Amino acid sequence: MELLVTGKNNTLNISEIKTDLSGMYHCSYRKGSNWSRVSEPLYLVMTGAYEKPSLSSLDGTVVASGNNVALLCCSKTKFQAFILIKEDELPTIQRKNSILKNNKHQTIFQLGHVTSAKAGTYRCCGAFNNYPYVCSHPSDPLQLVVNEAPGGPTPMKPRHPQAPHYNKTMNYQHLLVGVSVAISIISSIITLFFLLRHRKAKKNAAKRERQPQALGPMNGQASEARHPQDVTYFQVDFNIPTQERASAPSSLPRQTQTSEYATVALR
């Protein structure tokens, strides 16, 4: 069904609900020759056409935040589908096909891990595929209460244990820590070894510098001192008399003078 109205705000009034008026509704607007995107869907459900089903919670009506909740809707009538309605300011609807079990047509609506936003009043009704939004009288209301933990919403618990994976991760982390500690210890030992070796070499070099140099061979002369001011020179004069030849005139005998130098090193 398509209805064109003018104005910024318009209301579609349905005085009497009928089978062909049930279903999903959208709205949009036109500006000039361009149409806007359609709105979110609005489901208009016609109720009261058939006998009501029953609605129950498989996990209780008072649950803790974070727990998983499933609702069961069933009827002896051969409904092809069931519709779940949450009664609040904006009713939310889930539709699922039914299955035959224990001589009843039923379906399970999964609410998942609930929080306070999922708390409220729920109803369900049965329907057929040729008129998916024409359903039975709604079931009796089911009030779902969700208790929040003192510190906030209860964290979701995993369905399957994670202990093996956790243990593997912890073992791997411990191995990495052990290797890192071993590398640090070895590096420290190597560094300490080289420091000690360097200090010992430095000490030996200083010791050698403080020792006097060995004396070289004398060969009749004193070895040279390290510094010029440590050397003293002595002059020794020797007078050796010489005799004249027979033919020389009589005179005082001549003497030949020689000088010898010796080097004395003071230590």
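Mentor: One definition before we start: two strands count as paired if DSSP finds at least two bridges between them. Also, what you are looking at is a predicted model.

Trainee: Fine. How many helices and strands does the chain have?

Mentor: There are 16 strands and one helix.

Trainee: Then take β12. Which strand does β12 form a hairpin with?

Mentor: Strand β13, with two residues between them. β13 covers residues 131-135, and its pairing with β12 is antiparallel over two bridges. Within that pair, Ala-127 is opposite Cys-135 of β13.

Trainee: What about β12 and β8, how many bridges there?

Mentor: Seven, again in the antiparallel sense. Leu-84 sits across from Cys-124 in β12.

Trainee: And β12 with β14?

Mentor: Three bridges, antiparallel. Here Tyr-122 faces Leu-142 of β14.

Trainee: Why call β12 largely enclosed by the rest of the structure?

Mentor: Because seven of its nine residues are buried. The cut-off for buried is under 20% relative accessible area.

Trainee: Back inside, then. Which residues of the largest nonpolar core touch the most other members?

Mentor: That core has 16 residues, and the ones with the most contacts to other members are Leu-55, Val-69, Leu-71, Leu-84, Leu-111, Tyr-122 and Leu-144. Two or more residues each come from β7 (68-75), β8 (81-87), β11 (104-113), β12 (120-128) and β14 (142-147). There is also a second, separate core of seven residues, with Ile-83, Cys-125, Ala-127 and Tyr-133 among them.

Trainee: Leu-55 was on your list. Which face of β5 is it on, covered or uncovered?

Mentor: The covered one, along with Ser-57. Ser-54 and Ser-56 make up the uncovered face of β5, which spans residues 54-57. β5 runs antiparallel to β7, joined by four bridges. In β7, Leu-71 is the bridge partner of Ser-57.

Trainee: And Leu-144, what is it in contact with beyond four places in sequence?

Mentor: Gly-60, Thr-61, Val-63, Val-69, Leu-111, Lys-118, Ala-119, Gly-120 and Tyr-122.

Trainee: Ala-119 is in there. Where does Ala-119 lie?

Mentor: In the loop between β11 and β12. Apart from neighbours within four places, Ala-119 is in contact with Lys-86, Leu-144 and Val-146.

Trainee: How far apart are the C-alpha atoms of Ala-119 and Asn-147?

Mentor: They are 9.0 Å apart, with the two residues 28 apart along the chain.

Trainee: What share of contacts joins residues at least 24 apart?

Mentor: 60%, taken among contacts between residues at least 6 apart in sequence.

Trainee: Change of topic: the surface. Which residues form the nonpolar patch there?

Mentor: Ile-186, Ile-190, Phe-193 and Phe-194, with about 420 Å² of accessible area together.

Trainee: Which element holds Ile-186?

Mentor: Helix α1, residues 163-210.

Definitions and conventions: Residues are numbered from 1 along each chain as its sequence is written. This is a predicted model: local features need pLDDT of at least 70, side-chain atom pairs count only at pLDDT 80 or more; totals for chains, interfaces and linings use all residues. Side-chain values use heavy atoms; hydrogens and water are left out. A nonpolar core is a set of buried Ala, Val, Leu, Ile, Met, Phe, Trp, Tyr and Cys residues joined through side-chain atoms within 4.5 Å. Buried means under 20% relative accessible area, exposed over 50%, partly exposed in between (1.4 Å probe, protein chains only). Contact means heavy atoms within 4.5 Å. Patches are made of residues with over 30% relative accessible area and no salt bridge: like charges are joined within 9 Å, nonpolar side chains (Val, Leu, Ile, Met, Phe, Trp, Tyr) within 5 Å. Accessible areas come from the Shrake-Rupley method with a 1.4 Å probe; for residues, only the protein chains shown count as cover. A salt bridge is a side-chain nitrogen of Lys or Arg within 4 Å of a carboxyl oxygen of Asp or Glu.
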